[in-house]
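Hi there,

Here is the structure I promised to pass on.

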Amino acid sequence: MKPVYYLLCCCFLITIRLQAQDPVFSQFFVTPMQLNPAFAGNTVAPRIAFNYRSQWLWAAPVNAYKTYAATYGQFFEPLNSSIGLMVQTDNAGEGIYKLNQAAAIYGYRVQVTDGFFAKFGVEAGLRQSSLDWNELVFLDQIDPIDGVVGGSEEVPPGNLTRTYATVGAGLLAYGRNFYFGFGAKHLNTPNESFTGISDNLVTGLPMRYAVQAGGEIILKKGNKRQLGSFISPNVTLIRQGDFGQVNAGAYAGYGSFFAGVWYRHAWTNPDAAIFLVGIEYDVFRIGYSYDFTVSGLAASSGGSGGASEISVVLNFENSAEFKRRRRSNRYNDCLKIFR
């Protein structure tokens with residue numbers, strides 16, 4: 001299993017130069033800046049979030065696909081401005097391929113009418129990808145009987161680490177009951193090839209477009225002492241190169257507890273059903289989600305194992321100090337899911 005797995009990783013890494021796709025969290029509401037920089041700063045106090053995703057648990061030797069992210073965001077009312085910071089690491093093939101990225105985000109809010117706002121966001125960041133050539137297995141190393149034997153005659157690229165800049169922008173419009181957003185990443189389409197070779201099939205890292213829409217249905221209003229209850233139906237569409245996905249479902253908050261269900265369709269085939277549960281207390285919010293594979297991969301030998309995600313959010317707007325100043329409950333919009 002392991003040699004075959006590494007061979008598949010090798011094929012994937014060779015073709016990644018032609019079409020790359022950024023990882024996307026199922027718990028998109030925890031790190032919304034990953035999809036749209038205009039989501040930076042939905043709270044007037046610091047909001048810090050952490051995500052961890054482990055994918056295809058049974059299809060590889062040791063949890064071969066892992067993604068980590070940490071974000072910070074805050075809105076500054078006197079300036080009508082938001083700032084955000086995002087750090088993310090993607091580890092594929094047990095460290096064979098790694099992608100590290102960091103980005104700084106600035107947003108500006110405009111009040112269009114009473115209770116309706118528009119936010120504009122811009123992002124600038126650095127990405128660094130690295131390849132562990134010694135862990136790759138090529139076809140000339142595979143023996144039909146003995147498996148992996150000897151070394152490969154393949155010549156490694158001159159540079160196994162690539163560092164490049166990327167920029168993005170986004171728009172978010174929202175009111176009391178409905179929001180709509182559009183974000184674009186990699187507007188400069190940087191060259192991420194390890195070989196540095198470019199041909200007419202490759203113009204750089206494909207731009208990624210993401211459209212988000214959703215609303216909020218209030219079931220019970222909250223106050224300083226008790227959290228309210230609500231349902232937030234939402235849909236997200238993502239396109240990058242020839243890849244794409246549609247994610248549709250709903251998030252529900254009931255007091256200190258929350259849950260959610262979504263269905264993800266990977267453009268040309270069904271992908272996964274996503275289930276979420278979590279709890280919120282004081283400044284902490286902890287959530288766990290599981291992606292149940294419904295594609296043909298689930299029927300393959302051993303299945304995929306789906307994907308697990310854990311998120312931790314520290315929203316200091318929910319601290320006792322902010323509650324005394326009645327700031328935590330003053331919002332009259334539909335963005336509670338992102339706080």
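Below is what I found, going from the whole chain down to a few residues.

Please keep in mind that this is a predicted model. The chain has 17 strands and 2 helices. It runs to 339 residues, of which 47% count as buried. If you take the contacts between residues at least 6 apart in sequence, 59% of them join residues at least 24 apart. The exposed surface comes to about 16400 Å², with 62% of that supplied by carbon and sulfur atoms.

Now to the inside. The largest nonpolar core is made of 25 residues, and Phe 29, Tyr 179, Tyr 251 and Phe 338 have the most contacts inside it. Strands E8 (161-174), E12 (229-240), E14 (257-266) and E15 (269-281) each contribute at least two residues to this core. There is also a second, separate core of 11 residues, with Tyr 97, Leu 99, Leu 136 and Leu 205 among them.

Tyr 251 is worth a click in your viewer. Leaving out residues up to four places away in sequence, its contacts include Phe 29, Phe 230, Phe 258, Trp 262, Leu 276 and Ile 337.

Ser 129 counts as buried because its relative accessibility is 1%, and the cut-off for buried is under 20%. Beyond its neighbours within four places in sequence, Ser 129 touches Tyr 97 and Leu 99, along with others including Lys 98, Arg 162, Glu 192 and Phe 194. Tyr 97 and Leu 99 are also members of the second core.

Happy browsing!

Methods. Residues numbered from 1 in each chain as written. Predicted model: local features only at pLDDT ≥ 70, side-chain atom pairs only at ≥ 80, totals over all residues. Heavy atoms only, no water. Helix = DSSP H or I, 4+ residues; strand = E, 2+ residues; numbered from the N terminus. Buried < 20%, exposed > 50% of the residue type's maximum accessible area, 1.4 Å probe, protein only. Contact = heavy atoms within 4.5 Å. Areas by Shrake-Rupley, 256 points an atom, 1.4 Å probe, with all protein chains shown as cover. Core = buried A, V, L, I, M, F, W, Y, C linked by side-chain atoms within 4.5 Å.
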